[in-house]
Amino acid sequence: MIELQRINKSYNTETTNLHVLKDLSLTIAAGEMVSLMGSSGSGKSTLLNILGILDSYDSGEYHLDGRLIRDMSEHTAALYRSKTIGFVFQSFNLIGFKTAAENVALPLYYQGVSFKKRHKMALDSLERFGLLDWAEHLPSQMSGGQNQRVAIARALVTKPRIILADEPTGALDSENSNDIIAVLNEINKEGITVVIVTHEEDIAEQTKRCVRIQDGKIISDSAVSK
Amino acid sequence: MIFFDKEQWHEVFVTLNKNRFRAILTACGIVWGVFMLIVMLGFGNGVERSIVQSMSGTVTNSIYIWGETTSIPYDGLSSGKPVTLTNDDVELIAANVHGIEHIAPRNQLSGYGSETWIRYKDRSRSYSVIGEFPQMQHIQPMKQVNGRFINELDIEESRKVVVIGRRVADELFVDIDDPTGLALEIDGIYFYVIGVLDSPEGTNHGDRQISSVFIPFTTFQRVFNYENRVGWLAITVDDTLSAETIESNIKRILKKRHRVNPIDNQAIGSFNAAEAFGELKDLFTGIHFLIWFVGGCTLLAGIIGVGNIMLITMKERTREIGIRKALGATPWSIVSHVLQESFVLTSIAGYIGLLLAIGTLELATVIFKHSTETQIIPQIDFGIAMLSLCVISLAGILAGVLPARASAQVNPVIALAAN
């Protein structure tokens, strides 16, 4: 599903040359549930952005679903993201002036789904996470846990093959965190590949495979023992 | 093409509606700009129309010439000598000046602008009494209501007949539909009414015309002892020579004949409608330019305001745009979304401004109609209104270009990292 070979990425400014990812290679098969562990500055978020085609890389090869992702136009990248990837963010990243249902329907809008159909699909997706009663609420009227579940509903509404979650529990208390991880596990059982970036051990323990990154390199890659 | 996509329009309207306060603030500049432009154009048109209307009693290729008094001693004569035009002058001019279409000498009893008591049975009032040639019909527009105007036979036989203005007919011949064939008394002499005429325009000029009575020029000179004196000359010119040239040619001939110094500009008075009209036209051109310039600049300021506020809100909306991009928005869908927002904002604002302006002009029309002194009726040409609306809509898209570019350059990684 995901195949990274000797990926290098550096951020160059006038004064510094920050080599973030160093010859990083990683393979994730379809249906896996992987956590990327690392302290801040380890390069894990950059890695996730590259996986999500939000960011480019300097050298190496990235194959997504068998296709080489390199030097893509923004337009093509947008289409790939739209078709295969669902994002879940630490700060939820819901659009503040849109209701839960409208937020969930937004990725479908960019796929060209008609208003009626996408509204219905959004409601279906919300229902699955027990949020049907909150469909017409704005993000500011809901709790953090609810917001994150709306965000997951949004990520899933397009039926993506991969869910990329960047610190999905970072802004939540432990009860809500466990709830969100449970939801992600459930999604994974349906065959969707889930990649979670986190720096919390107990979150990583709830995944099946843990990849530890430090200074732009993988320092360990092991199955999580239950 | 996504620009014509119904879904995108829906998305644009939803976004604007959800951010109503921001949208209204942004639109204010445009509303004001359009309002100012249209109101100014409307009033400009109103003033122009009222002036043109007050001129329309006069045919615009006409020249009026009359005698005054000399200001420079000449040829053994002292200054201050009155110049009196005569029938011979008319013949001389008709024979020697090229480019004249019609020439009609006129007299008014007791002089220009004065009135004389006129009586029918036991009613009497004062009106202007004018000695007239048939040619006057071609020099001053008039509308025959009853009977006929003065003809050549009336002139030849110096008939005691009179054509009366509509107001004279209304005021003296109360309850009489058609006063032709009846006699009225002017200065102790009886005249038969042969026609009633009206002015095609409700202007000052027309007002004077309908409060006047017209008798054959020859009759006038005979019965009121004017001998061969002429009050003033009304002339229309054809387009072979300029009105100014013809005017100065006539004056040269008259000066020579009346022994007036050629450089004496006070001895012979004149009014050249063509010249006056030309000056007015220049004035209107100037006013139009000013209105379009000031109005256009106001509008431009509004458009720049829209662009500016959109640009600022784009900075605020970086996160929103980043999210949209992460969710699969293509760069063009973001750009066209911003352009459409700006287009919708400016055209709706433009439309509101237009409606407000038309409302104001209508209100002004109602107010002005009730006051009799002014005839300014502000008006806006439908075509111009539509044209300005199109220009505004186009400008709306242009105003969105910079913000759209800014939004297209949003890097989702950075936008989403901003916490």
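**Helices, sheet and interface**

Author: Helix H3(A) passes helix H5(A) in a right-handed crossing, meaning that the near helix is turned clockwise from the far one by less than a right angle. This is a predicted model, in which local features need pLDDT of at least 70, side-chain atom pairs count only at pLDDT 80 or more, and totals for chains, interfaces and linings use all residues. Residues are numbered from 1 along each chain as its sequence is written, chains are lettered from A and ligands numbered from 1 in the order in which they are written, and side-chain values use heavy atoms, with hydrogens and water left out.

Reader: How are H3(A) and H5(A) oriented to each other?

Author: Helices (H or I, at least four residues) and strands (E, at least two) are DSSP runs, numbered from the N terminus. The axes of H3(A) and H5(A), the latter spanning residues 144-156, come within 7 Å and cross at roughly 30°; axes are lines fitted to C-alpha atoms, for helices over the stretch in contact, and angles run from 0 to 180 degrees between N-to-C directions. Angles under 35 degrees count as roughly parallel, over 145 as roughly antiparallel, 65 to 115 as roughly perpendicular and the rest as oblique. The two helices H3(A) and H5(A) are therefore roughly parallel.

Reader: Which term describes H3(A) and H4(A)?

Author: The axes of H3(A) (residues 100-109) and H4(A) (residues 115-128) come within 8 Å and cross at roughly 120°. H3(A) and H4(A) are therefore oblique.

Reader: Which strands are the edge strands of the sheet in chain A?

Author: The open sheet has six strands in the order E6-E7-E8-E3-E9-E10 (chain A), with mixed pairing; two strands pair if DSSP finds at least two bridges between them. Each edge strand pairs on one side only, and these strands are E6 (85-88) and E10 (217-223) of chain A.

Reader: Which residue in E10(A) is the bridge partner of A:Arg212?

Author: Strand E9(A) (residues 209-214) runs antiparallel to E10(A), and six bridges join them. Within E10(A), the partner of A:Arg212 is A:Ser220.

Reader: Which residues of chain A lose the most area to chain B?

Author: Chain A and chain B bury about 2400 Å² between them, 58% of it on carbon and sulfur atoms; buried area is the accessible area (1.4 Å probe) that two parts lose on being put together, summed over both. Together giving 29% of what the chain A side buries, the residues that lose the most are A:Phe97, A:Tyr109 and A:Tyr110.
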